[in-house]
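I opened my notebook to look through one protein, step by step. Here is what I looked up, in the order that made sense to me.

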Amino acid sequence: MTSATQQAGTGWINTGSVIDPSAATGDPYSLSFTVAGGVTTYTVLRDGNPTALTDVPYQSGQAIEIDGLSFTVTGAPADADRFDITPSSASLSIFDVLDRVATELETPGRNNGQIAQSVATALRDIDASSAKLTAQRAVAGETLNRIDRAAERLSGQKLAAQTDRSQAEDLDMVEAISTFQKQQTGYEAALKSYASVQNLSLFQYLNV
């Protein structure tokens with residue numbers, strides 16, 4: 001995430017990007033400018049410590065790359081102008097973003113670079129907030145789907161229980177007892193027949 005800490009000139013920094021995730025360190029960086037004798041140079045610090053990008057001649061619109069990160073400054077930074085490049089945080093609020101950009105754009109006396117910086121930062125933060133909102137909507141949608149599936153299962157179980165209860169309450173006891181006695185009589189007859197056949201040998205069968 002890029003932001004302007006000190007911005008007196010017309011230079012502004014874009015949102016930046018990660019071009020090599022394996023080289024990214026996650027440390028905060030700062031980009032400071034020096035203007036002397038009509039020559040503008042910049043220096044990049046990593047967590048306050050010098051890097052190989054020290055006193056590098058500045059060229060508007062030229063990408064600055066370090067540790068897998070790439071960002072571009074456009075315009076004419078003033079002496080001592082500074083921009084910070086820090087890891088993104090999850091605490092961004094779309095309402096805070098809109099309030100901040102409205103306040104900055106309504107502030108009189110700001111130059112074109114400062115206005116461009118406010119717009120670029122606001123667009124970046126709005127896009128990030130929109131992506132976060134979309135992700136949360138997806139999570140909410142999946143939760144609602146799980147609730148719907150659980151409700152369907154409970155409804156099915158309730159219907160099955162009501163059917164069983166209805167069958168039990170509507171049972172004709174006289175008919176049920178009569179059917180049971182018939183089945184029991186048939187079962188006993190089958191057992192006696194099986195016992196008689198089991199004890200009958202071939203010799204007994206031939207002499208019958």
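Entry 1: I began with Glu142, which counts as partly exposed at 35% relative accessibility. I keep in mind that this is a predicted model. The partner of Glu142 is Arg149: the two form a salt bridge, and their closest N and O atoms are 3.6 Å apart. Arg149 is partly exposed as well, at 40% relative accessibility.

**Entry 2: the count and a network.** How many salt bridges does the structure hold? I found five. Some share partners, and in this way Asp27, Arg46 and Asp67 are joined into one network. I took that network apart, pair by pair.

**Entry 3: Asp27 with Arg46.** The side chains of Asp27 and Arg46 meet in a salt bridge at 2.9 Å, N to O. Why does this pair tie together separate parts of the chain? Asp27 sits in the loop between β3 (17-18) and β4, while Arg46 belongs to strand β5, so the bridge links parts that are 19 residues apart in sequence. Buried or exposed, or in between? Asp27 is partly exposed, with a relative accessible area of 25%. Arg46 is also partly exposed, at 32%.

**Entry 4: Asp67 with Arg46.** Arg46 has a salt bridge with Asp67 too, at 4.0 Å, N to O. I noted that 4 Å is the cut-off for a salt bridge. Asp67 lies in the loop between β8 and β9, and Arg46 is in strand β5, so this pair ties together parts that are 21 residues apart in sequence. Asp67 counts as partly exposed, at 27% relative accessibility.

**Entry 5: the overall layout.** I stepped back to see the whole chain. It has four helices and ten strands.

**Entry 6: inside.** Of the 208 residues, 21% count as buried. The largest nonpolar core has 16 residues, and Leu31, Tyr42, Val44 and Phe71 touch the most other members. Which elements give two or more residues to this core? They are β4 (29-36), β5 (39-46), β8 (63-66), β9 (69-74) and β10 (82-85).

Leaving out residues up to four places away in sequence, I listed what Tyr42 touches, including Leu31, Phe33, Leu53, Val56, Pro57, Tyr58 and Ile64. Ser32, Thr54 and Asp55 are on that list as well.

**Entry 7: outside.** The accessible surface comes to about 14200 Å², and 57% of it belongs to carbon and sulfur atoms. Which residues form a nonpolar patch on the surface? I found Leu105, Ile115, Val119 and Leu123, with about 320 Å² of accessible area together. Helix α2 (residues 112-169) gives the largest share of the patch, three residues.

Ile115 is one of the patch members, and this residue lies in helix α2. Its relative accessible area is 35%, which makes Ile115 partly exposed.

Notes: Residues numbered from 1 in each chain as written. Predicted model: local features only at pLDDT ≥ 70, side-chain atom pairs only at ≥ 80, totals over all residues. Heavy atoms only, no water. Patch = residues over 30% accessible without salt bridge, like charges linked within 9 Å, V, L, I, M, F, W, Y side chains within 5 Å. Areas by Shrake-Rupley, 256 points an atom, 1.4 Å probe, with all protein chains shown as cover. Buried < 20%, exposed > 50% of the residue type's maximum accessible area, 1.4 Å probe, protein only. Core = buried A, V, L, I, M, F, W, Y, C linked by side-chain atoms within 4.5 Å. Contact = heavy atoms within 4.5 Å.
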